[in-house]
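The sequence and structure come first.

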Amino acid sequence: MPSRAEITYFGAGPAALPTDVLEAASKALLDFNGTGLGIAEHSHRSELATNIINEAKADLANYLEFSPENYEVIFMQAGGTGEFAASVYNLVGAWVSRQQAAIKNELGDSADEEAVLAALRKKVETELKVDYIVTGGWSLKAYQEAQRLLGPEYVNLVADARTINDGKFGKIPDESTWKLSKDAAYVYFCDNETVDGVEFPAFPSILTPDANGNGPIVVADMSSNILSRRIPVNNYSLIFFGAQKNLGSTGVTVAILKKSFLPPHTVQPSAPLLRKLGLPIPPIILQYEIIAKNNSLYNTLSIFDVYIAGQVLKKLLKTYPDKVDGQQAVAEKKASLIYGALEAHPDVYRIVPDKSVRSKMNICFRVTKNGNTDETEKTFLKAATVLGLTGLKGHRSVGGIRASNYNSIPLEGAEKLAKFIDDFAKAP
C-alpha cells in the first residue's frame with residue numbers, strides 16, 4: 001500500500017488536508033494543550049472552545065482582508081445545501097422587515113396592524129423576487145431549493161448557462177443578457193461550479209455597487225474556491241462555503257454575513273407574521289441572527305472541525321505574508337501547468353468548459369484518444385493511480401476526468417500531473 005507521501009489526491013471533496021495540520025489534530029484528539037482531554041471531548045461552552053472559534057474568525061478576516069466590524073463570521077452545520085435554504089429564509093426575512101418598516105413609515109403611527117398587514121401582503125404578492133444565475137449543477141440545486149421553499153412565482157431565473165451551450169453547462173451567459181429583477185431580495189450565484197469546472201473570472205460588473213455603496217444584495221456560494229483567490233468581500237451581503245475543500249474537514253459550514261442583516265439593524269420577522277404572509281418559517285438552527293447572537297454556539301458545534309479550519313488558516317497566514325494573494329499566485333501557476341499540458345494535445349484531450357470560464361480549482365476534461373473515450377479514461381485513471389495521482393474521476397453526473405486543484409495540492413503535485421498528462425498523450 002502507498003504511503004501518504006506517495007499520494008497526490010485530486011478528489012473534489014472532502015479534499016486532502018495538510019499533513020502537518022493532521023498531525024497536530026491527531027495529538028489534539030488525545031490531549032489538547034495538556035488538559036488531559038481530547039479536543040472533541042471538551043465542552044463547546046468552555047472558554048477553550050470560545051477561543052478556538054474567535055481565533056478562527058479573526059484569522060479568516062485577516063487572510064481574506066475584510067473588516068470584522070462590518071461582517072460576522074458564523075460557523076454552522078448542514079453544508080452548502082443547508083445554506084441554499086438558510087439564504088432564502090434569512091434574506092427573504094430581511095426583505096420583509098424592510099418592507100414592513102417602510103409601510104409603517106408611510107402609513108404613520110396611527111395605522112392599525114391589519115392595514116399594515118394588508119399592505120405588506122400586497123407587497124409580497126406583487127414585488128417579492130429572489131434572483132438566481134444558474135451556471136452549473138450546484139447553482140441549479142440552489143435555484144430549485146428556492147422554488148421549493150418559496151414557490152416558483154417568487155424565484156426569477158436571471159440566466160441559464162445551458163441555453164447558450166447546447167443544453168449543457170460550460171459557459172456563463174454575457175451579462176447584457178441577464179434578466180435581473182428590480183429590487184430583488186437578493187441575487188445568488190455559485191462562484192465556482194465544482195461539478196462542471198466553471199468559475200466566474202471576476203465579480204460580475206453588473207452587480208457591482210455604485211460609488212455610494214448602493215447595489216444589489218449579492219449572495220455567493222464559494223464552497224470550492226474560497227481562500228484560493230482575492231475576493232471583493234464588500235460587494236457581497238452573504239458568502240457561504242463548506243469547509244471540506246480549502247478550509248478544513250467535513251462537518252462545518254461558514255457564512256460571512258454583512259452585519260446590517262443582523263440586529264439591531266435588521267430583525268427577522270416573527271413566525272406568526274410569516275405564517276400570515278404565506279412565507280416559510282425557518283428552523284431556528286438556520287437563523288443567522290440566532291446563531292450569530294450565540295457566537296455559533298446555539299447548539300453543539302463540532303469544535304474539532306473548527307480547530308482544523310483554524311489550523312489551516314494559521315498555516316496559510318504563516319506561509320503567505322501577502323495572505324490570499326500569495327495563495328492565488330500558486331493556484332494560478334498550478335492551473336496553468338495542468339491546462340497547458342492538456343492544450344498541448346488537442347487530439348487527445350478535450351477541456352470541457354469554455355476557456356473564458358475555466359475553473360482554477362476543478363479542471364474538467366475528457367480523454368478522447370483512440371476514439372473510445374470511456375475505455376481510454378479508465379486506462380488513464382488506472383495509469384494515474386499507479387503513479388499516486390488519485391481522485392481524478394469526474395462527478396457521477398457528468399463523467400470524464402476532474403482534477404481538483406485545491407490549496408492542499410502542492411506545486412510539485414500539479415507538475416507531476418502535468419507530466420503524466422503529457423506522457424499519456426505521447427504513449428502509443
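What percentage of the 428 residues in the protein is buried? In this predicted model, buried residues account for 53% of the 428. The fold contains 11 helices and 14 strands. Its radius of gyration is 23 Å, close to the 22 Å that the globule rule gives for 428 residues, so the protein is as compact as a globular protein of that length. Of the contacts with a separation of 6 or more, 69% join residues 24 or more positions apart. The C-alpha trace spans about 85 × 60 × 35 Å along its principal axes. The protein exposes about 19200 Å², and carbon and sulfur atoms supply 52% of that area.

Helix α10 covers residues 373–386. With 14 residues, α10 reaches 20 Å from its first C-alpha to its last, close to the 20 Å expected at 1.5 Å a residue.

| Class in α10 | Residues |
|---|---|
| Buried | Thr376, Glu377, Phe380, Ala384 |
| Exposed, on the other side | Asp374, Lys378, Lys382, Val386 |

Why do the buried residues of α10 line one face of the helix? Seen down the axis of α10, they fall within an arc of 100°, so they line one face. The elements that these buried residues pack against are the strands β11 (349–351), β12 (362–367), β13 (389–390) and β14 (401–404), together with helix α11 (411–426). After α10 comes Gly388, which has a positive phi, near 85°.

Methods: Residues are numbered from 1 along each chain as its sequence is written. This is a predicted model: local features need pLDDT of at least 70, side-chain atom pairs count only at pLDDT 80 or more; totals for chains, interfaces and linings use all residues. Side-chain values use heavy atoms; hydrogens and water are left out. Helices (H or I, at least four residues) and strands (E, at least two) are DSSP runs, numbered from the N terminus. The expected span of a helix is 1.5 Å times one less than its number of residues. Buried means under 20% relative accessible area, exposed over 50%, partly exposed in between (1.4 Å probe, protein chains only). The arc is that of the directions from the helix axis to the C-beta atoms. Contact means heavy atoms within 4.5 Å. The radius of gyration is taken over C-alpha atoms; the globule rule is 2.2 Å times the number of residues to the power 0.38. Accessible areas come from the Shrake-Rupley method with a 1.4 Å probe; for residues, only the protein chains shown count as cover.
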